[in-house]
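Look at the model below before reading on.

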Amino acid sequence: MNKTQIEERIALLYLALQYCSERSKTFTAGERICINQERFQWMHILDDETASPRPVPSNIESKINEVSKLALHHNFKPYYADPFKEEILIY
């Protein structure tokens, strides 16, 4: 993945977590942990390209895709901005 794709993935994962928090409790605590682990691993990869991705399992990926579609359909904007987006923009 290139830098733009990684940043888009990080944003998608954040959107899914926020939608779950603010609208619909879609993910279990364990699934949220997996999503955050992938998210932070992508942030690490932005610093160190030799690091390996840590993708979520396919069942969680399916839920992320469902939530993404719901967020788009409802024009959902998270109440809180992604706290790491500014850090990503600094690079």
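Two residues are in contact, or touch, when they have heavy atoms within 4.5 Å of each other. The model is predicted. With that cut-off, Ile35 touches Leu13, Leu17, Phe27, Val56, Ile60 and Ile64, leaving aside residues up to four places away in sequence.

Ile35 also belongs to the largest nonpolar core, which has 20 residues. Ile6, Ile10, Phe27, Ile35, Trp42, Ile60 and Ile64 are the ones that touch the most other members of this core. At least two core residues come from each of helix H1 (3–22), helix H2 (29–47) and helix H3 (58–73). H1 gives the most, with seven residues. In soluble globular proteins, nonpolar side chains tend to be buried together.

How do H2 and H3 pack, and at what angle? Their axes are 11 Å apart and the angle is about 85°. Angles of 65 to 115 degrees count as roughly perpendicular, and H2 and H3 are therefore roughly perpendicular to each other. On the H2 side, the contact is made by Glu31, Cys34 and Ile35; on the H3 side, by Asn59, Ile60, Lys63 and Ile64. Four of the residues in this contact are nonpolar, one is polar and two are charged.

The whole structure holds one aromatic pair. The ring centres of Tyr19 and Phe76 lie 5.0 Å apart and the ring planes are at 85°, so the pair is edge-to-face. Tyr19 is in helix H1, while Phe76 is in the loop between H3 and helix H4 (85–90), so the pair ties together parts 57 residues apart in sequence. Are these residues buried or exposed? Tyr19 counts as buried, at 5% relative accessibility, and Phe76 counts as buried at 5% too.

Key: Residues numbered from 1 in each chain as written. Predicted model: local features only at pLDDT ≥ 70, side-chain atom pairs only at ≥ 80, totals over all residues. Heavy atoms only, no water. Core = buried A, V, L, I, M, F, W, Y, C linked by side-chain atoms within 4.5 Å. Buried < 20%, exposed > 50% of the residue type's maximum accessible area, 1.4 Å probe, protein only. Helix = DSSP H or I, 4+ residues; strand = E, 2+ residues; numbered from the N terminus. Axes fitted to C-alpha atoms, helices over the stretch in contact; angles between N-to-C directions. Parallel < 35°, antiparallel > 145°, perpendicular 65-115°, else oblique. Nonpolar A, V, L, I, M, F, W, Y, C, P; charged D, E, K, R; others polar. Phe/Tyr/Trp six-rings, centres within 6.5 Å; stacked < 30°, edge-to-face > 60°.
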